[in-house]
Amino acid sequence: MTDVLILGGTGWLSGRIARSWRDDGAAVTCLARGSRGAPDGTALVTGDRDHPDAYDGVRRAWDHVIDISSRADHVAAAVEALGAHARRWTYISSMSVYADDATVGADESAPVHQAAMPGDTYDYAAEKVAAEEHVRTLGDRALIVRPGLIVGDGDPSDRFGYWAAAFARAGAESVLLPPEEGRMTQVIDVDDLAAYVVTATSAGVSGSVNAIGDRHPISAVLERVRAATGHRGETIVADEEWLTGHGVGYWAGHRSLPLWLPADMTGFMTRSNAEFHRTGGLLRPLDDTIARVVADEVARGVDRERRAGLTRAEEHALLAELV
Ligand SMILES: NC(=O)c1ccc[n+]([C@@H]2O[C@H](COP(=O)([O-])OP(=O)(O)OC[C@H]3O[C@@H](n4cnc5c(N)ncnc54)[C@H](OP(=O)(O)O)[C@@H]3O)[C@@H](O)[C@H]2O)c1
């Protein structure tokens, strides 16, 4: 039986990866502090990666080690403690490593940010770059997966799901949209990503791979989300200066219009996924993902407090000023 260690395994993506390996018939062990449970049918070993003894309970031979940490010191310590025991090592990095957000269609050879150095103020992208460098010391045994925006049911970032909630909560009323002209969206379903980690790791794929879906105009994606919710009201598009002038942010976070990007970030959601396809990555139809996200948002409550987007009260106030 394939013996897999997930460093993490109790979070959103890492939990889906753990489940994917389990469903593939592997024996799965998750290493985490234990604040959340590990998926059914997997084992949880507790350890705190802030401490040097974190790996003592898992220091043995593994077929595959999967790490999702965004802390370069954690990744370095894991490679040091377990690298010699692992037949293969897969690291979940991010497309945030890329320094150029303007070039459309850039592939894995695009330049990356400077790696974080010990003692630097925490910077997500720089930590991911430094973590990749540690993993790359394992040579051909290492696969570095660089996901773009991960979407699906249970997404804790609340970005893609905002649009399902916004259209569903509006019903026959209006929904505020950002300018859509020329803006693209590129996402990957969390379960397609988890499946890819299993198949690519098992197939011995090495090197770096962008894990992302195909590119779509944001207007088409939002229209498909709207159709899936049955929204019957109008959509009102505000212009860029008006939104930023009213304190509405791009991309993510409170008082934002998620997925909306500044006009000059033409390369951010238009990266190449050719290597992902070439190495066996499969993408489900976007409408399947949308249907699951809509069902999840409705089940969780479309008026719940969110990490990203406008509250309905904020959206009402903005619409009242705009029309
Ligand atoms: N969301 C996106 O669109 C996106 C895009 C690109 C890349 N990514 C990448 O996707 C990954 C997210 O994975 P996830 O959803 O599983 O993250 P998560 O929900 O934050 O879970 C983190 C996991 O690591 C464990 N952990 C955290 N601190 C630890 C410590 N000090 N010692 C031991 N274990 C620790 C957690 O368990 P305990 O807390 O119990 O320890 C949990 O199992 C990250 O690598 C992120 O960079 C995300």
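View 1. A polar side-chain atom of R36 lies 3.4 Å from an oxygen atom of the ligand. A polar contact here is a pair of N or O atoms within 3.5 Å. This is a predicted model, where local features need pLDDT of at least 70, side-chain atom pairs count only at pLDDT 80 or more, and totals for chains, interfaces and linings use all residues. Residues are numbered from 1 along each chain as its sequence is written, and side-chain values use heavy atoms, with hydrogens and water left out.

**View 2. The shell around the ligand.** Of the 28 residues around the ligand, T10, S14, S35, I68 and Y124 come nearest; a residue is near if one of its heavy atoms lies within 4 Å. Helix 1 (12-23), helix 3 (124-136) and strand 7 (149-151) each give two or more residues to this shell. The largest share, three residues, comes from helix 1. Helices (H or I, at least four residues) and strands (E, at least two) are DSSP runs, numbered from the N terminus.

**View 3. D158 in its loop.** Look between strand 7 and helix 4 (160-170) to find D158. Although not a glycine, D158 has a positive phi of about 65°. D158 counts as buried because its relative accessibility is 4%, with buried meaning under 20%, exposed over 50% and partly exposed in between (1.4 Å probe, protein chains only).

**View 4. R255 in its loop.** R255 sits between strand 13 (249-251) and strand 14 (256-258). Its phi is positive too, near 50°. At 28% relative accessibility, R255 is partly exposed.

Technical notes. A polar contact is a pair of N or O atoms within 3.5 Å; within protein, one must be able to donate a hydrogen and the other to accept it, and residues adjacent in sequence count only if both atoms are side-chain atoms.
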